[in-house]
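Welcome! Open the model in your viewer, and let us walk along the place where two chains meet.

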Amino acid sequence: MKLTRDASLVWKHLTGIVCLYKPPRKSVAVVKHTIKSHLCRDLNQMKVRPPTPYIMIESELKDVPAEKTKSKSVIKVIPSYADNVLVTGPRYVTEEIRGRMVHELGYRSSGLLLLGINGGCNEVKNKTFHQLVRCYQVGVRLGLETDSGWFDEGRGKAKASFKHVPPHAVTTVLASMQAAHTKCAFDLAGVLPDSQEAYELALQGAIKPKTTGGCVIYSARLLDFRLPDFTIELHTLNETEDYFLSMVELLGIKLRSAATTTSIKCVQIGNFGVEHALSSADWDLQHILKNMKLCSKLVKENSDIVPNLDEERLDVTGRNIYQDKAANN
Amino acid sequence: MIPTSILRVSNNCLLQVNNCAKRHYGRIMKRFPLYPDDTPIEKIPEYAFSKPDKDRRHLFSWGLCEHGAVGILRQCTKRSKKDTAPRYLQRPCRVRFGDFNRVIDVACGFGFTLYAVSTKSSLKVFGTGINTDSQIGYQSQRKDAPMELLLAPVPIRLPIDPHENVAALAAGRAHSLILVEREKGKGGRVLTLGNNSYGQCARPIEEGEEFNGSKMVHCVEGLEAEAIKSVACGQDHSLFINNRGHLFSCGWGDDGQTGLGVPGKKGSPSRVRGALENVNIVKATSSGDCNLAISDNGALYGWGNSEYGQLLQDHAAQIYSPVKINLPGVGPVVDIAVGGSFCAVLNEKGQIWTWGFGLLGFGPNVTQVSRPQMIPEALLGKSSFAWKKSKVVSIEAGLFHLAAVTADGDLFTWGRNKDGCLGLGNLRDQPFPLRVSIGATVLKVSCGVDHMAAVCSPFY
């Protein structure tokens, strides 16, 4: 590692993938622009390329041009005014920095974003990035249904009682959703379910979609249950914020209540986690360069993260959910 | 002031619209909102859905509609005279009969279905489908005009006391067995009806007996002075297990399916010996001419047709007396399912082992397996993301296909897709297990030849 004030040297190394933590209520386009403008701001404050030298030939006599007199000429080299930063504008502008997101988060969602910068854009086009399973934690609140899907936005559509909902009801509905999606995954992967190809894909476990058609949920489980709120953890691909909002609405109906979303957080993309992400306070050149180095290491170990499901399925009070279900049946 | 009862109804409509109507209602609700813009949330009335009832059951059915065995009248009736194409329900459909009657058990035969209903009246068994041999009882609308085809469930008049329960149902090609218990779990008597040309109804064969429009219901009170705890039907034979774990059979035996040591018809239940001599049999099953039985310690026995190597006895096409089948590496067997040309067993760990001929679950390239082979668990929902605790708890088979139910209530089907009986949404054969999309937790499923029925409980 080398310390430098030279912006052009830094620019050469400003290429790769960076892992950001997007705050809620900021669009992804604004995030991208903020990163670019912070990078430019920091680069322009460093030692940038000096103006190109301009060769001036002057005669000793001030009012006579050099070619019209036979007296001595003086050659002067001055920095060119045409190349002065105050004339041309800053050396580094946002339009020159290329950025490309792996996936998008909605306006009110927060969480991990993978952004490829300059050369990293080509890396990001790689299909393996798009097939890294993403983990979301969705907060759900029972009791009210709104037309927007968020708990504090839009008009209240309906209210329903919720005190009767037990945790095992949520886990049952989620398990069924998860199982139903494994079947849809065949269509999105472009194979007929009765072919040998489909059989081999199915043996491998999780089937990755080839198109950006529909969302595929690989795992859906209940994390925290404290009425009227509960949190579910979803491992998905091809998801959108709208999909989660309508899924939560449907979940509310299946639970004989009404539900809205309180939060959507992307907490993992493949083996990129929250611990690798840059918070918005650290969106500057130094931190981004450090993060790029970290991400390049993670990219080499590029793999799907598989949740540790060996532990018992316990609900909030510590009881085994399966035992509870057996007792209720 | 709008009465709250009307508001509650409106809320109900609001929440239960389907997807196509949602957009239409969305536009209407925007123009005519239920509550004005400035209504605070506190003023919106709170709706309380009906209380969840863990005893509520949903009934789903799918497959060929032509013979009415699915029991959904709307699907089975022709729209017009020109509508001659056969109709298949390729996806599970809710049977409304199950919403108005508490269906506790279902059995699918060859083109007909039996439903056991929990009720205080004596009409505890209903049936639908083909009735050419009175397998669903005597049904008629006019005097002396028995109906040969029922397109919706109808009650079967049986000599059952209102305080008795129907413990089990079994349906074969053209006959039905109903196990009726006085006390739960103590075993009881079996009522048989339908075709008796091979003696499968456990009564003596009468030459020239007319089964169409027959009101005959035979009762088997007990076997060897013990009550009967379990019944099963093959194609044209019947199997009974009494409280002591002894197996009895009657019916057609030319392929050895009665297991009585000799071929031929048998018109009264006789004790099946052979390798079952001193064994406590827990379950026996058959759908064609091959039979399997398991003992209480998980040992497997088989007899009957073995033309496709279903009984793992080399070169024997028919086995007339039960033999013990060794399954190396499988362990104690918990459930069994027999198809026409294949067999499947489920062991304690929830693994399914199949062998025989057909689409056994190993992809389209494998159609014959001579030694038991395990179906990869990843195909039955155990992928890296799935809950490791969820395992298969029961398996069923029709003549050409197989079904498995997991502890989570997922139903997987695979095999030859005869008339859409797999319920996967198309008419293509499915060479490995695929989950059937049913919006409920499947408790019990029954496989017929070209249709299936499932008793489910709602998610919550």
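Before selecting anything, learn one term: a polar contact is a pair of N or O atoms within 3.5 Å; within protein, one must be able to donate a hydrogen and the other to accept it, and residues adjacent in sequence count only if both atoms are side-chain atoms. By that rule, twelve residue pairs are in polar contact across the interface of chain B and chain A (both at pLDDT 80 or more).

This is a predicted model, in which local features need pLDDT of at least 70 and side-chain atom pairs count only at pLDDT 80 or more, while totals for chains, interfaces and linings use all residues. Residues are numbered from 1 along each chain as its sequence is written, chains are lettered from A and ligands numbered from 1 in the order in which they are written, and side-chain values use heavy atoms, with hydrogens and water left out.

Next, select B:Arg428 and A:Asp194. Their side chains meet in a salt bridge (3.2 Å, N to O), meaning a side-chain nitrogen of Lys or Arg within 4 Å of a carboxyl oxygen of Asp or Glu. The count between chain B and chain A is one such bridge.

Now color the whole contact (heavy atoms within 4.5 Å): 53 residues come from chain B and 57 residues from chain A.

Finally, show A:Ala160, which stands opposite B:Tyr47 in β1(B). Here strand β8 (residues 156-160) of chain A pairs with β1(B) in the parallel sense over two bridges; strands (E, at least two residues) are DSSP runs, numbered from the N terminus, and two of them pair if DSSP finds at least two bridges between them.

How values were computed:
Helices (H or I, at least four residues) and strands (E, at least two) are DSSP runs, numbered from the N terminus.
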